Amino acid sequence: MSRLSEFAVLVAALCFAGAAAGAPLSALYVEVPPEQEAIGAVHPPPRQLCAAEGGPNGTTAWSCSNWAGTVRWSPGAVVAPESEAELSAWLRTQAAAAAASGAPRLPLKVVGYAHSWAGLYTPAAGAGGAPGVTLALHRLSGITRVSPTAVEVLAGTSFAALFHELEKRGLALAWPPGGIQGLTVGGAVSVGFHGSQLSVGGVSSVVRALRLLDVDGNAHDLSDATAPEAMRAARMGVGMVGILTRVTLPVTPQFHLRRRRWRVDGGVEALLPDLPRLKAAYDRFHWYAHPATDSAWPMYWEEATAAESAAEGRPCRTAIEQHEDAAEKEFGVDGLPLIMRWDNCSDVSYRSLTHAVDMEAQPLWNGEYYVALDDAGEASAARDVLAAFADVAASRGQAAPSTHLWLHVRYVGGDTLSMLNPCYGHAVCAAFELALVAPSMDAPLPPWEEWSAYFTAMERVLTARGGRPHHAKFYSDDALPSVPGYGLPVAEFMEQAAAFDPHRLLRNERFDKMFLPDTRAARPAVATS
C-alpha cells in the first residue's frame, strides 16, 4: 500500500487545541491529503480553518477562512460535535433555550473542507447583526454500513478516507468523483461536486439515501421511496435543507481506468470540429484551452482491466509528481499548473481521477457556469469566450491573455433529481470553468482586478446563453439572473427546506441575493424556534 493510501484514513480529521471532549476550542484545523507518495516525502501540515482570540469581557473572537483566503468570516461560536447524538443534543438545547427565553436563535452553517469560493458555509447574521454559528462535522467520519452495492458514510468523511476504506474491501464508488480528495462527502453532496461524465450529473445525482437533522435536533431518514421531494431538495441543498449527517452512495467492485491527454496546437479552432466525435466516443471526456499559447488539451478516461494497467506500467501519480509536466516551462516557472497535470496512465478508479489536493499547493481563482448547448452552440460559445479574453487582454495593454489563465470545459448529465442542479431540465450541459492560477507554487493569488476582468467577460457570454453558476464557485455579485432563480424550481426547494428549518437559521445571504428576488432588498428576520 502506498504512503498516500496509508495516510488517507487520517484526511479531514479535525485537530483541536483543546484536547479534552467538551473543552473550549481555540483553533480548528483540517488535515490535508499528501501531495506526494514517495517514501519519506514531506506531507503538508494541517490547514487552519478557524482561530480564536480573546475578546472583550472574557469573550472569544473567532476568525475563519477558506483554503485560498478568498472567503473570510467571523462566527460567534464554533461547534464541533463528536457524534450525531451530541449534535442532536446541542440543537435541542439551543431550541429549548430560545423557547424559554423568547430570544431569537442564532443562524448556523456547516463547514466542510472550506474549498468553495462562494462562501456557502458562512453563517448569516442574526438579530441585531449578531454573528452566527459555524458547525464543523469533521469528527462525524467513517463508514457506518457497507454492502456489495452501497456504502453509508458519516457526512464528515473525506473522499480520500472513503477511497482508502473501500479499496481495502475491493470496492470503489460506482461514480468516480472529481479530483479533490479532501472534500467531505456531505459538503460535496450539498454543492453538487462533479467530474466530467456526460451520462451522470455528479455526486448529488447518485445519492441513494440521506440522514439529516432538522434545526431542532430531530433525525430524518430520506430516500426516493419514502420522501422523494425532500430528497430532490436535500441532494443539492447548499446547506439549507437540514444538517446532513449520513450519505448513502452506490459502490461496485474496484475497477481500472485508462487516462489519455494530448496537446492540440492550433487551439480550440483545431479541436472544435472533433469535439462531437470525442464526446460520442468517451463518456468521461473534457478539455482545456490555454488562450495565451492558442493550444488545447483534450482528455478522456476509458475502462481498462487490471492486467492492462499492469502491462502499461504507468500508474497514475499525484499532480506534484508528474515530472514531465513540471518541465513544460512555456506555461510558468513550475511548468504546467497543477490543475493541468493529468499525465497518461492506467490505475484503479480513484487514482486515475484524483490530483490529491492540487489547489492547496498552487492557489487559484475559479468560477464555473453550466450551459446547455448543441455542438454548434458550444463551438460558438467557446469562440466568443476566447474573443472576450482577447478583448480583456487588449484593454490591459497586453498582446495576449495571461499565461496563467486556463479555460476548462467539462460535461455533466442533466436530471431533475436535484432541484438546484444547474443542469436541471437539460439532457447534457457543458460546464465552462475558468481558472487564473498563481504564477508558481509559492506565489500568492493573482490580483483580484485581473481575475474579475477575465471572469466577468466569460460570465457575460454564458449568461446570455442561459448559463447557470456552479453554487460553490465564484460568480459575480451583480450577475443577477434575467429569469428568477435561473429558471430552477426555487419555490419548491424553499418549501421543502422550510420543513427542516422553518425559521431559516441555515440560510445563506448570497443565495438569497441571487435566487430569491424578494429578499434582495431586505433580509428576513430570524425567529425563535
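In the predicted model, A227 is located in the loop that runs between β13 (219-223) and α6 (228-234); helices (H or I, at least four residues) and strands (E, at least two) are DSSP runs, numbered from the N terminus. Residues are numbered from 1 along each chain as its sequence is written. Because the model is predicted, local features need pLDDT of at least 70 and side-chain atom pairs count only at pLDDT 80 or more, whereas totals for chains, interfaces and linings use all residues; side-chain values use heavy atoms, with hydrogens and water left out.

A227 has a relative accessible area of 17% and is therefore buried, a term that denotes under 20% relative accessible area, with exposed being over 50% and partly exposed in between (1.4 Å probe, protein chains only). A distance of 34 Å separates the C-alpha atoms of A227 and R465, which are 238 residues apart along the chain.

C50 is joined to C64 with an S to S distance of 2.1 Å. This pair links distant parts of the chain, with C50 in strand β3 (residues 47-54) and C64 in strand β4 (residues 60-65), 14 residues apart. Both C50 and C64 are buried.

A disulfide also connects C316 and C345 (S to S 2.0 Å). C316 lies in the loop between α9 (306-312) and α10 (323-326) and C345 in strand β19 (residues 345-348), so this bond ties together parts 29 residues apart in sequence. C345 is buried, with a relative accessible area of 0%.

The sulfur atoms of C423 and C429 are 2.2 Å apart in a disulfide. The torsion about their S-S bond is about 95 degrees, so this disulfide is right-handed.

Notes
Disulfide = S-S within 2.5 Å.
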